[in-house]
Amino acid sequence: MNMQVSSAVVAPPPPRTLEELDLPMVMMRDILIKTMFRKSVDKISRISDAVRLPPNVTQELVDLAREQMLLEATGTMKATADREMGYQLTDNGKARALDALAQSEYFGAMPVPLHVYQQQIKRQSIRDITITRDQLTSSMGHLVLPDDLISNLGPAVSSGRSILMYGPPGNGKSSISNGIRDALGDKIYVPRAVEYSGQVITVYDPIVHTAVEEQVDDPTALRRSGNRFDSRYIRCERPTVITGGELSLSMLDLNFNAVARTYQAPLQMKATGGVFIVDDLGRQAEPPQALINRWIVPLEEGKDILSLQSGEKFEVPFDTLVIFSTNFHPNEIFDQAALRRIFFKIKIDGPSQENFLKIFALVARKRKMPLDEGALVHLLKKKYPEINNTFANYQPVFLIDQMISICEFEGIPYQMTPELIDRAWGNMFVKHEEITK
């Protein structure tokens, strides 16, 4: 019996006081005045929204800057409905803002201290989710898979540990990886930025993270029921980072922007709480063994080591389901010590003839290509014996799309014939022959 289990992710509570933020006071003050300078915000409500702090905490910070003669009040705006006090930078405040911007261009959302971020990761760990057979099957409903594949994938995904999928090309390893991603249905909280040792590391990336639209509170309502979590975070789908042959070891390090003088989180840190897919392993500039060596500590100990420009090293949580996908046999690209570090190894073979025909029929129906028994018999009895009856999942799509292109060029209705099969087949494989120069 399948039990539907979903992780109840606990939201990060909003800070109640300035002290609770646990950030260097000078850093908070400088981010406040840089934000006011860059965004021209002058009311507590607008400043609060810009620095992503509750209004009462923002007021504390504004009062601190006023005491230091960096801000001054411009008086209550009687003509407006909100009657909020306005604030502006003093000459000293503008000078300090420019000086602070010269040290770091970062402004806007107040960062989350690394240790506080670590606590939130524990609340939403990828290793705490449970994927049921129904969830995994549903996310891969568009794929025709061997019967035992879900049985092997399920425990691997639920463990939140590393997975190596290997097998001949064109059999859906990438599609299966995406299906695993789609099965992770819950939401997590991603910080806009993290602070460590006075440095700001931006984490939220709209290319990687899919934000979930939140209910906006009505400021005139007596009771607010909407957003009650720390708005320095963004509620998102569990993230997915997909890399292929372009992956390099440098992408796994902190990226320092020398112009803005801020850091950007590496790919695996952006994937925290979600999935990191390394597709086409073995096609990267660095050998697969080097990539695995870089991840030995993270995969085994659940933590990663990053370095600042100064050379100072620090730990960050490594809470990511890593999926490696390769067309090579694992023994060709890894030594046994590396293979031990990868928790699950799952072979993805080509389909049986029965499953091949199922895929072929599904693709034909979707493409509105009528099936023809004679053409299929020709394909199975004449063409596939040429390649030792080696079926692959990509082949039905390739063959049918080829026939469609020919029909459209010739101006004839979509049809499947032995002749069209032969023409499509000729484009699927290239004969080995010498090219005279």
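**Exercise 1.** In this predicted model, find how strand 4 and strand 15 pair, and over how many bridges.

*Solution.* Start by locating strand 4 at residues 163–166 and strand 15 at residues 321–326. Next, compare their directions: the two pair in the parallel sense, over four bridges. For a landmark, look at Y166, which has T326 of strand 15 opposite.

**Exercise 2.** Work out the strand order of the open sheet and name its edge strands.

*Solution.* Walk across the five strands, and you will read the order 9-12-15-4-16, with parallel pairing. Then look for strands that pair on one side only: these are strand 9 (240–243) and strand 16 (344–347), the edges. Finally, check the twist, which averages 15 degrees from one strand to the next.

**Exercise 3.** Identify the strands that helix 7 lies across and those that helix 8 touches.

*Solution.* Take helix 7 (residues 149–159) to begin with: it lies across strands 4, 15 and 16, and runs at about 155 degrees to strand 16. Now turn to helix 8 (residues 173–183), which packs on the sheet and touches strand 4, strand 9, strand 12 (275–278) and strand 15. The direction of helix 8 makes about 165 degrees with that of strand 15.

**Exercise 4.** Find which residues touch the most other members of the largest nonpolar core, and which element gives the largest share.

*Solution.* Among the 29 residues of this core, pick out L32, L71 and M110, which touch the most other members. Then sort by element: helix 1 (25–39), helix 2 (44–51), helix 3 (55–67) and strand 2 (85–89) each give two or more residues. Helix 1 supplies the largest share, six residues. To zoom in, select L32: leaving out residues up to four places away in sequence, L32 touches I47, L61, V62, A65 and L71.

Definitions and conventions: Residues numbered from 1 in each chain as written. Predicted model: local features only at pLDDT ≥ 70, side-chain atom pairs only at ≥ 80, totals over all residues. Heavy atoms only, no water. Core = buried A, V, L, I, M, F, W, Y, C linked by side-chain atoms within 4.5 Å. Buried < 20%, exposed > 50% of the residue type's maximum accessible area, 1.4 Å probe, protein only. Contact = heavy atoms within 4.5 Å. Pairing = 2+ DSSP bridges. Axes fitted to C-alpha atoms, helices over the stretch in contact; angles between N-to-C directions.
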